[in-house]
Amino acid sequence: MEQRGEKRNTCGTICLKYLLFIFNLLFWLAGGAVLAVGVWTLVEKSDYISLLNSSYYLASAYVLITAGLIVIVTGVIGCCATLNEMKSLLIVYFILLLCIFLLEVVAAVLAYVNYQQLDEELRQNLKVNMQQKYQQPGEDSLTQAVDRLQQEFKCCGSNSSSEWADSVWIQAADNNRLVPDSCCKTPSILCGSRDHPSNIYKVEGGCIMKLEDFILSQLYILGAVGIGIASLQLLGMMFTCCLYKNLQKESY
């Protein structure tokens, strides 16, 4: 009995338990980071999402939140399975890690395949929203989103400031502006009546280029986080298999 008791506390098993426990802590923190990015996207950038009229971008935020919660729960299961040496729970944990890994691969492939379509949809929706809905009745939130976009990214118009000439609001008889006041470098009432480069932002590519750059930078960050989490998952699956085999041997 003594030998069997010592066998259950072998150096290899103890090391694996600590490695897997540390992995789970890192995995749990990664899940928290993904969850935070998803919540931040909904809270801070929700007005930009409303400009795009695309369910893809809104869905991506909810996917991040869901993925973050799943990763956090999986990390907790992993910690319980590791500390209590529960072989059945280790199997469940391994399966969850594998499922999350496969979902990440599928999501990455779909994002790559649909990127061009989403990019074109983004361009078309932003132009229509700016020209047809800006400063129109019942479109207060969209109007504020456009103003914030132009001020935050220092741009004017979807592709260029000249596109505002086709805006429903600009063409109104009682409107004395050539562009919205939010296009101005120093915003003030009626400053949009002069569209000289010294007064307004004339950025090549307009706001669409700035917004695309912003979205791409977010995708790069998410891609880097995704690769990091995927690498952790592979390590976690390897540690889980090794620990399970060690526990199997020591149970005999």
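Visitor: To begin with, is C241 buried, partly exposed or exposed?

Guide: C241 is partly exposed, at a relative accessible area of 33%; buried stands for under 20% relative accessible area, exposed for over 50%, and partly exposed for what lies in between, computed with a 1.4 Å probe on protein chains only. The model is predicted, so local features need pLDDT of at least 70 and side-chain atom pairs count only at pLDDT 80 or more, while totals for chains, interfaces and linings use all residues. Residues are numbered from 1 along each chain as its sequence is written, and side-chain values use heavy atoms, with hydrogens and water left out.

C242 is likewise partly exposed, with a relative accessible area of 31%. The sulfur of C242 has its closest cysteine sulfur in C241, 6.8 Å away, which is too far for a bond. A disulfide is taken here as a pair of cysteine sulfur atoms within 2.5 Å.

Searching the whole structure by that criterion gives 3 disulfides. One of them joins C155 and C207, with 2.1 Å between the sulfur atoms. This pair connects distant parts of the chain, 52 residues apart: C155 sits in the loop between α6 (140–152) and α7 (206–250), and C207 belongs to helix α7. Helices are DSSP runs of H or I with at least four residues, strands are runs of E with at least two, and both are numbered from the N terminus. The torsion about the S-S bond of C155 and C207 is about 100 degrees, so this disulfide is right-handed. C155 counts as buried at 0% relative accessibility, and C207 is buried with a relative accessible area of 0%.

Another disulfide links C156 to C183, at an S to S distance of 2.2 Å. Both C156 and C183 lie in the loop between α6 and α7, so the bond ties together parts that are 27 residues apart in sequence. The link of C156 and C183 is right-handed, with 85 degrees about the S-S bond. C156 is buried at 1% relative accessibility, as is C183 at 0%.

The remaining pair to describe is C184 and C191, whose sulfur atoms are 2.2 Å apart in a disulfide. A torsion of about 110 degrees about the S-S bond of C184 and C191 makes this disulfide right-handed. C184 and C191 are both buried.

With bonded cysteines counted along the chain, the disulfides of the protein chain follow the pattern 1-6, 2-3, 4-5. C241 takes part in no disulfide.
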